[in-house]
Amino acid sequence: TLLKPVTSVTTIPAAKLTGRTIRAASPTENRALLVVDVQNDFCPHGALAVPEGDLVVPIINKLSRRFAHVILTQDWHCDDHLSFASSHPGSKPMSQIELHYGLQILWPDHCVQGTPGAQFHPDLDLDRCEMIIRKGYHRDIDSYSAFFENDRQTPTGLAGYLRERGLTRLFIVGLATDFCVAYSAIDACRLGFEVTVIENACRGIDVDGSLAASWRQMAEAGVIRA
Ligand code: VGL
Ligand code: ZN
């Protein structure tokens, strides 16, 4: 036969894959830039416009040239997504409802799969991007974090990707500070990554004080604010 039988398998102790301590594959290649949701709908004139959302684009383009690893997230909803106010007759955008996984803010329809609003900002430099992680495509559950859907349990697969590649130090930028950036940063800390959020490369929505609250929660989780 062409293939030799496998006589021994090297196993990696589970603790190394799941524990808080993650060893880097290489000390120089362990940093990754995570660019969160820099999409048209989160920029001025978009369906869920973040004030000054577009101003992060040139800053992120400059930053991404200094990283060997750049990963993007893309909010990617089906058109009847449960996080949309339009899916709940009588509900207004920005109101809250209780869903099976907890409180959910109801948003205007945004980042619908295949629409211009879901595309990345046209000036965002994608050349160095090695992976795009799409999220929020399950109809019945929102996904702010790049790591878990909003039940905080269903993984997106990003943690496994980063760990397998030894990318242990995350620098997070993008939109919106108080939702997808904060949720991603806090989850990354909990998963054992070293996490820095670069403030001037983020912008927030700020619903009822959510921006200040998110910075408090990020600090509590151990996120470095730079
Ligand atoms: C986001 C609200 C709804 C975000 C995504 O990218 O922060 N916020 N969907
Ligand atoms: Zn969304």
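Is Asp 37 buried or exposed? Asp 37 is buried, because 29 C-beta neighbours lie inside 10 Å. Buried residues have 20 or more other C-beta atoms within 10 Å of their own, exposed ones have 12 or fewer, and partly exposed ones fall in between, with C-beta atoms placed from the backbone.

## Model and conventions

This is a predicted model, in which local features need pLDDT of at least 70, side-chain atom pairs count only at pLDDT 80 or more, and totals for chains, interfaces and linings use all residues. Residues are numbered from 1 along each chain as its sequence is written, while chains are lettered from A and ligands numbered from 1 in the order in which they are written.

## Overall layout

The protein has 5 helices and 8 strands. Helices (H or I, at least four residues) and strands (E, at least two) are DSSP runs, numbered from the N terminus. Read from the N terminus, the order of elements is α-β-α-β-β-β-β-α-β-α-β-α-β.

Of the 226 residues, 39% count as buried. Contacts here mean C-beta atoms, placed from the backbone, within 7 Å of each other. Take the contacts with a separation of 6 or more: 72% of them join residues 24 or more positions apart.

Six strands are named in the order 5-2-1-6-7-8, forming an open sheet of 6 strands with parallel pairing. Strands pair if DSSP finds at least two bridges between them. Strand 5 (129-135) and strand 8 (224-225) are the edge strands, and each pairs on one side only.

Strand 1 (31-36) has 5 of its 6 residues buried, so it is largely enclosed by the rest of the structure. Strand 1 runs parallel to strand 6, joined by 6 bridges. In that pairing, Val 36 stands opposite Gly 174 of strand 6. Strand 1 is also parallel to strand 2, with 4 bridges. Here Leu 34 stands opposite Ile 71 of strand 2.

Strand 7 and strand 8 pair in the parallel sense over 2 bridges. Thr 196 has Ile 224 in strand 8 as its bridge partner.

Helix 2 lies across strand 1, strand 2, strand 6 and strand 7. Helix 2 runs at about 140 degrees to strand 7. For such angles, axes are lines fitted to C-alpha atoms, for helices over the stretch in contact, and values run from 0 to 180 degrees between N-to-C directions.

## The nonpolar core

The largest nonpolar core has 50 residues. Such a core is a set of buried Ala, Val, Leu, Ile, Met, Phe, Trp, Tyr and Cys residues joined through C-beta atoms within 7 Å. Leu 34, Val 35, Val 36, Ile 172, Val 173, Val 181 and Ala 185 have the most contacts inside it. Two or more residues come from each of strand 1, helix 2, strand 2, helix 3 (158-164), strand 6, helix 4 and strand 7 (194-203). Helix 4 gives the most, with 8 residues.

Ile 172 shows how these pieces meet. Leaving aside neighbours within four places in sequence, Ile 172 contacts Leu 34, Val 36, Val 181, Ser 184, Ala 185, Val 195 and Val 197.

## Around ligand 1

Which residues surround ligand 1? They are Asp 37, Phe 42, Asp 75, Trp 107, Tyr 144, Leu 175, Ala 176, Phe 179 and Cys 180. A residue is near a molecule if its C-beta atom, placed from the backbone, lies within 6 Å of it. By class, this shell has 7 nonpolar, no polar and 2 charged residues. Ala, Val, Leu, Ile, Met, Phe, Trp, Tyr, Cys and Pro count as nonpolar, Asp, Glu, Lys and Arg as charged, and the others, Gly among them, as polar.

The peptide bond from Leu 175 to Ala 176 is cis, with omega near -15 degrees. Ala 176 lies in the loop between strand 6 (169-175) and helix 4 (177-190). Asp 37 sits in the loop between strand 1 and helix 2 (56-64). Its phi is positive, near 50 degrees, in a residue other than glycine.

Met 94 is in the loop between strand 2 (70-75) and strand 3 (96-99). Met 94 is partly exposed, because 14 other C-beta atoms lie within 10 Å.

Asp 187 lies in helix 4. Asp 187 is buried, with 22 other C-beta atoms within 10 Å. Not counting residues up to four places away in sequence, Asp 187 touches Ser 145, Phe 147 and Phe 148. The C-alpha atoms of Asp 187 and Met 218 are separated by 9.6 Å, and the two are 31 residues apart along the chain.

Note on methods:
Contact = placed C-beta atoms within 7 Å.
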